[in-house]
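Try each task before reading its solution.

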Amino acid sequence: MASAFVQFRIESEVKEEAAKICEQIGIDLPTYMRICLSRLVQEKGIPFSMVVKRESEEAKEEVSSGVTSKHGIRNMNLD
């Protein structure tokens, strides 16, 4: 299989933090990028949810407003 060179720009702080995280799990940044691109192709899309934070915030608002009562939780403040 022929290989291709991929290059892109990102903020140096993001690159440094990403490299530290990769190092902690035992891989380097280029390996992580290969994994991400391979999964993108396998899944034919982004291999993770893009709305996790939004769903979490909506659930927090529901619980805070007392709307969520299916588990007997009412008037709960999450702050």
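**Exercise 1.** Which helices each supply at least two residues of the lining of the largest pocket?

*Solution.* Start with the ground rules: this is a predicted model, where local features need pLDDT of at least 70 and side-chain atom pairs pLDDT 80 or more, while totals for chains, interfaces and linings use all residues. Numbering runs from 1 along each chain as its sequence is written, and side-chain values use heavy atoms, without hydrogens and water.

Next, the helices: α1 and α2 (29–43) each give at least two lining residues. Helices here are DSSP runs (H or I, at least four residues), numbered from the N terminus. The largest share, seven residues, comes from α2.

Finally, look towards the centre: of 16 lining residues, the closest to it are Val-6, Phe-8, Leu-29, Pro-30 and Met-33.

**Exercise 2.** Find the salt bridge (a side-chain nitrogen of Lys or Arg within 4 Å of a carboxyl oxygen of Asp or Glu), and say how far apart its partners sit in the helix.

*Solution.* First, a search of the whole structure gives one salt bridge. Second, its partners are Glu-43 and Arg-39, with the closest N and O atoms 3.2 Å apart. Third, these two are separated by about one helical turn, because they are four residues apart in helix α2.

Note on methods: 1 Å grid on protein atoms, 1.4 Å probe; cavity = no way out; pocket = protein on both sides within 12 Å on 5 of 7 lines; lining within 4 Å.
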